[in-house]
Amino acid sequence: MSQLFIAHGHRDVDSVLHVHEAMRRASIPTWYTPPGSKEVDPESVNEAIDSAFGMVVLVSASSIRSKAVEAQLARAQRLGLKLFPIRVDNARLSKPFKSALADQLTDSLGDKGALERLVEAVKTRYERRCPVIAVMNLKGGVGKTTIASQVFGAWQANLGGRTLLIDLDPQYNLTETFFDMEYADASSARDKSVISLFERSRLHAYDMTSPGDSWSKINTEPFDPVNRETIAHNLLTGDKAPEGRFDLISGQFEISKYAFASSPEALAVVGANFRRMIDYYRSEYDLIVFDTNPNATFLTRCALEAADRVLTPMHPDIYSLRGVKLLNQVIREQISEDKRPDLSVLFNTVGRSEQSNFEADARNGAFDEQAGYALSKSLLASALPRSGHLVVRGAGSEDLPWQRLVIHRGRGGGLKRIRQSLTGIAGELKQLMED
Ligand SMILES: Nc1ncnc2c1ncn2[C@@H]1O[C@H](COP(=O)(O)OP(=O)(O)O)[C@@H](O)[C@H]1O
Ligand SMILES: [Mg+2]
C-alpha cells in the first residue's frame, strides 16, 4: 500500500514527528528516514519514494542544505509525485527548492491551522481515485494497441505520473508489444495476468485450479486485491531503465471464456469483481489505461463501466466512422448514466490528401449525422500521423520492454516529430481529464 514520504533535514526531528503524528491520527501511513540515523540505505529511500503517493517536504535551513533531500526532491519530480511543501523556518530557498516548490509554498508549520490544512490536502490526495481511459473502437486495426502503448508511454515519460496499462483484448497484442509470447504465456499460466482481476486465482490461493483452465466453470468466490507488484509487470526494468512507474497487467486468451458463459448471475459477479479491483488499483496509480477488443462483448461492458473516458482511434474513412457510430450507440444504450464514460476520438494515420479532406470534413461536422452524434465535438485537435516508427516490430527483438516505446528509442529520422506528436496527444488528453 502506498504511503506519504516525508523529506526532512537532520535537524527537523521535532517537525517530522509532529507531521507524522498528525498523519497517523488521520490514518495516513508515512515513511521518513529515522531522525538521528546517519546511514540510511539509499535503495530503501528510493523504494519508499517510488511507492509513495506524495511527498511532504519540510523546508528548513537544515533540509535546504541537505544533498539527500535534494536527491529525494529530484526523484519525486521525475516520478511526477505530488509535493506538499511546508516551511519549518524562514531559511532562504536554494535553487532546486525554489524551482520545485516556490509557488506552492504558502504555509509555515507554526501558523495557525497550517498542520490541519496540510493533513486535509494530503488526505484528499490519499483518497483520490485516478482517471481510467479505455482505448476502444468496435473495429480492428485502427491503432488501439499502438496508441495504448505509444501515446501513454509518451505520457508517462514526459508528463509524469504512475501509469498502469491493462490488456483486456483476448488477442493480447499489447502484451506482445512488450514481451515475447512465451514470457506472456508463462505469466498467465501462473495467473499473473488479467484473469486475476475477474476471478479468484492462484495469485490468491497458490494451490487452486486456475480459472483459465476451466472454461465451463466461473468461480464466484470472493477475493481480495493482491499487491500491485504481484499482478503487474514493471515495464521500466533493466539497465538504464527510465525513472517512474509504468506497469502492465498482461493479457491472455482465456478471458474469452466469459463470452461463452451461460449464467448471467455468475457474469454479474465477475463484472463486479473487475470494477472492484480497478477501483482498488486506482489509488496506486495516477492513470489506468485499458487496451480492448474490437467486438462488443462482456469485456467491452466491463471496460466501459470502469472507464471515465473512451479514447477512440479512427482512420479517416467510412468504415472507421461506422465503428465510432456503433461504439457511441453502445455507450448510450447499454451503459447506465452513472457509469457512462466520455468519448474522445483521435484521427490516426492522416496525411495523404484524400484522408486529410476526410479529416477536415469531419472537423466541420459533415459526418455528425452519419455518426449519430456530434462527432466533430468529440475529436481531439491533435492527430497521430502515419509513421514507420509506429509499425509493430517483428518478434525476436531482444530489446527491454521500455525500449519498444518510441519515446525512449534513440535517434533516427522522423523520431523527433513522432515523439512530439505522441506527447502532444497525451498533453491534450491530460488537459481534458483535468477539466
Ligand atoms: N500511426 C501509425 N503509423 C503507422 N502504423 C500504424 C499507425 N497506427 C497503427 N499502425 C499499425 O497498424 C496496425 C494495426 O494497429 P493496432 O494498434 O494493432 O490496431 P488495433 O489495436 O486497433 O487492432 C499495426 O501493424 C500497427 O503497427
Ligand atoms: Mg489491438
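Predicted model: local features only at pLDDT ≥ 70, side-chain atom pairs only at ≥ 80, totals over all residues.
The secondary structure of the protein comprises 17 helices and 12 strands. The C-alpha trace extends over about 65 × 55 × 45 Å along its principal axes. Of the 435 residues, 41% are buried. Among contacts with a sequence separation of 6 or more, 75% are between residues 24 or more positions apart.

Eight strands are arranged in an open sheet of mixed pairing, in the order β7-β8-β6-β9-β5-β10-β11-β12. The edges of this sheet are formed by β7 (233–234) and β12 (384–385), each of which pairs on one side only. Helix α13 (residues 318–334) packs on the sheet, where it touches β10 (309–314) and β11 (342–350). The direction of α13 makes about 165 degrees with that of β10. Within the sheet, strand β5 (residues 132–135) pairs with strand β9 (residues 287–291) in the parallel sense, and four bridges connect the two. In this pairing, alanine 134 is placed opposite phenylalanine 290 of β9.

A helix pair is formed by α2 (residues 42–50) and α4, whose axes come within 10 Å and cross at roughly 35 degrees. The crossing of α2 and α4 is right-handed. On the α2 side the contact is made by Val45, Asn46, Ile49 and Asp50, and on the α4 side by Gln72, Arg75, Ala76 and Leu79. By residue class, the contact of α2 with α4 consists of four nonpolar, two polar and two charged residues.

Helix α4 (residues 67–79) also contains glutamate 70. This residue is classed as partly exposed because 18 other C-beta atoms lie within 10 Å, whereas a buried residue would require 20 or more and an exposed one 12 or fewer. Glutamate 70 lies 63 residues from alanine 7 in sequence, and the C-alpha atoms of these two residues are 9.2 Å apart in space.

How values were computed: Residues numbered from 1 in each chain as written. Chains lettered and ligands numbered in written order. Contact = placed C-beta atoms within 7 Å. Axes fitted to C-alpha atoms, helices over the stretch in contact; angles between N-to-C directions. Left-handed = near helix turned anticlockwise from the far one by under 90°. Nonpolar A, V, L, I, M, F, W, Y, C, P; charged D, E, K, R; others polar. Pairing = 2+ DSSP bridges.
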